[in-house]
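Biologist: Could you show me how to read a few features of this structure, starting with its surface and then going inside?

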Amino acid sequence: MRFFKGFSARVDLKDELYVKNEKERLVAWSVNPFKESPRQLAGKGSAEDEEGERPPEWLELAGDLAWTATFSSLTSNTSVTEPSAVWNYAVFFCLTWHLWATQTTYDIRYYTNDWWHRVLFASQLGIYALLAGLSGSFNVSWQVDPNATDVFKGNVTELTAQAMDANQEYLITKSFRGINALLFISRMLLFAQYLRVMWYRKRTGRFSSWRYLLTPLALLFAGGIFLGCFIMIKEDPDSKTVAITQLILWGIAVLSQAIAGAFTPDDGEGVLKSQGAMEPRLASLTVIILGEGLNAICATLRSSMNSLGLSKTMVGQSLTMLLILYFIWLLYFDGFRIKYSPSKILEELWLCLHFPLHLSLILLLEGVKNVYIYANVLESFDRLDAGFTDVVKEFNATGVFPEHPRLEKLLRVLQISWQQEANDLVDALNRDAADPAGGRINVDSQLWRWWGTVIHNVILLYNDQPDPEGEFKFQTFMNLDNVTVAEDYNTPGAPLFNDFWYRYWEQMAYTGHWIVAVGGTLILCMAIINTVQRRPRNRFAWGYCSSRAIIGVTLTILGGVTSNWIQRSNWVIWILPTVAIGYGVAVFVDWFILFFSVRSIRKLEFGSRSNIAYSSVEKGDYDHETGVDLAHLSHLPYGHEKPHRSESAPAGMYAQGPVGSSASLYAAETEKLHQGSQYHLPYKP
């Protein structure tokens with residue numbers, strides 16, 4: 001019954017945690033982000049609500065995750081298997097990243113824990129969700145490169161092909177119209193937030209410069225551009241000029257907001273009730289991007305575990321992927337932690353440089369996953385080909401297909417039985433024997449179709465999204481008559497077989513052309529960001545930046561030289577180790593420089609202490625019998641600016657300094673260490 005007494009009990013003020021939590025949960029509709037000016041405080045007589053509350057961490061994290069979900073929807077629906085996909089990634093990422101950057105720039109300065117911002121935060125989540133929904137048909141090559149937007153049609157009729165093209169055009173234009181509309185709405189919502197800030201700025205007398213209007217005006221300008229793009233596409237959806245103009249206007253809109261942010265002055269110290277920092281938000285975003293990449297890599301590792309079995313090559317590639325992630329984490333988070341902000345322009349430049357860094361990071365992680373899949377597929381082919389070659393050689397020598405336990409075990413994952421295939425081949429042999437013309441048409445066609453099925457199933461084992469064109473070519477090959485398939489089997493180069501295989505090979509191998517160069521671009525971006533962030537002032541600080549820049553340029557050049565080596569199977573297994581070795585060298589050089597930097601600092605500190613001790617002896621402030629530098633005791637009571645020896649110790653409980661003070665503790669410990677000495681610190685009788 002005591003438990004139910006609380007139903008009628010009043011709030012107990014002694015329950016401080018409950019009282020504090022309830023007060024924090026009850027938020028106002030709108031809170032002024034600025035502190036009251038001294039003149040206003042004098043009129044009120046007291047400061048009211050001078051300290052604002054930062055947004056909860058869970059709220060900031062929810063916004064970052066919502067933004068990441070927007071972009072991850074594009075990465076999950078679109079594989080980087082051709083140049084147009086890379087451009088789609090870059091442009092869509094630029095649009096969504098600038099939404100995050102501009103909103104976060106506002107939040108760290110003017111966000112207050114009120115319902116105004118909570119309602120607008122919900123609208124941001126809605127915009128991110130809608131952008132994610134519209135990313136499926138996003139294609140910047142629309143009307144610019146018709147081949148990049150062409151839909152594979154196969155053997156459909158002409159009218160059906162026209163309907164497929166019309167549907168593709170409709171989806172792309174609808175995607176662009178929706179994205180432009182959402183970008184316009186997001187700019188107007190942020191413009192409304194800045195208008196509210198301007199009203200509070202005017203009210204509190206903080207409107208000291210007209211440049212505070214640059215950011216809201218840039219938002220209004222960008223919103224007008226996005227609205228104009230929406231109208232252009234609606235009025236003339238089939239124009240190449242409109243498509244190119246839209247891309248140019250998007251760039252102008254994003255650039256204008258960055259320039260406005262660079263020339264908007266800071267509010268200074270003591271103006272805002274609460275002000276956050278951009279560094280932890282960027283760090284959180286980088287962690288989330290790394291997490292998304294790790295999630296995709298883990299899914300690939302799961303496919304490898306369920307594949308033909310782990311080989312030494314697969315294990316090495318898996319460890320290399322994890323090392324690349326680990327080295328990226330070390331290079332980004334364990335690098336420079338000091339940040340100087342000499343000017344607003346460099347501050348904005350430092351922020352904008354994270355765009356190519358994050359874009360390179362996303363492309364690198366996507367490329368690492370694809371190269372890993374490609375290496376595993378080739379490894380699986382080699383293992384299956386070895387078994388397939390064994391049984392074919394045995395058949396050519398004896399005329400009988402032998403049992404092959406290793407091949408049987410490998411094919412089990414593909415839900416294929418070699419023993420069943422051997423039985424089917426025996427039937428084919430019997431049909432060939434009964435054929436008056438003789439030959440091995442049935443056996444050769446049976447073998448070649450079976451091998452095509454094996455290759456196709458291995459590819460699908462690592463790819464969740466079958467390529468329509470590749471699937472069509474595979475089905476076309478499988479439906480050919482026995483004579484044609486047998487001729488292809490005995491033809492050097494096997495053109496019909498390689499027609500469907502090359503389509504899949506081209507997609508899997510594409511990222512191998514540029515992944516090393518992108519890895520170099522990523523570490524080069526880190527070097528530039530560290531230079532802008534740190535503003536190196538000594539040789540060691542310059543060493544960090546220079547080493548990363550040199551390694552980044554080296555990897556970029558190496559990536560350009562080796563971009564066409566993807567057809568060399570020996571090079572494929574060295575693509576990921578090359579990136580890992582480059583990053584590992586960068587980490588080692590960082591720690592090497594760090595060792596000598598700390599060593600130099602300690603030498604300077606030791607020399608500084610020696611100079612201080614020598615100077616104290618020269619001034620007579622060093623007590624040889626106690627071994628105490630009296631100059632260090634100048635902060636004790638009655639010490640004033642210069643240390644001195646008192647001829648008589650004052651009486652009273654504060655003779656050694658206030659009770660519990662660091663001075664009294666220091667004096668007490670010193671006296672214990674020098675018991676029996678004729679001197680008693682800090683006073684000499």
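Predicted model: local features only at pLDDT ≥ 70, side-chain atom pairs only at ≥ 80, totals over all residues.

Biologist: Is V144 buried, partly exposed or exposed?

Modeller: Buried means under 20% relative accessible area, exposed over 50%, and partly exposed in between (1.4 Å probe, protein chains only). V144, located in the loop between α5 (115-134) and α6 (158-203), counts as partly exposed because its relative accessibility is 34%.

Biologist: And where is Q193 placed, and what does it contact?

Modeller: Q193 lies in helix α6 and counts as buried, because its relative accessibility is 2%. Contact means heavy atoms within 4.5 Å; leaving aside neighbours within four places in sequence, Q193 is in contact with Q103, Y106, W116, H117 and L120.

Biologist: How is the packing of α8 and α11 described?

Modeller: Two packed helices are described by the angle between their axes and the distance between the axes. Axes are lines fitted to C-alpha atoms, for helices over the stretch in contact, with angles from 0 to 180 degrees between N-to-C directions; helices are DSSP runs (H or I, at least four residues), numbered from the N terminus. Here α8 and helix α11 (residues 344-352) pack at about 140 degrees, with their axes 7 Å apart. A258, G261, A262 and F263 of α8 meet K344, I345, E348 and C352 of α11 in this contact.

Definitions and conventions. Residues numbered from 1 in each chain as written. Heavy atoms only, no water. Helix = DSSP H or I, 4+ residues; strand = E, 2+ residues; numbered from the N terminus.
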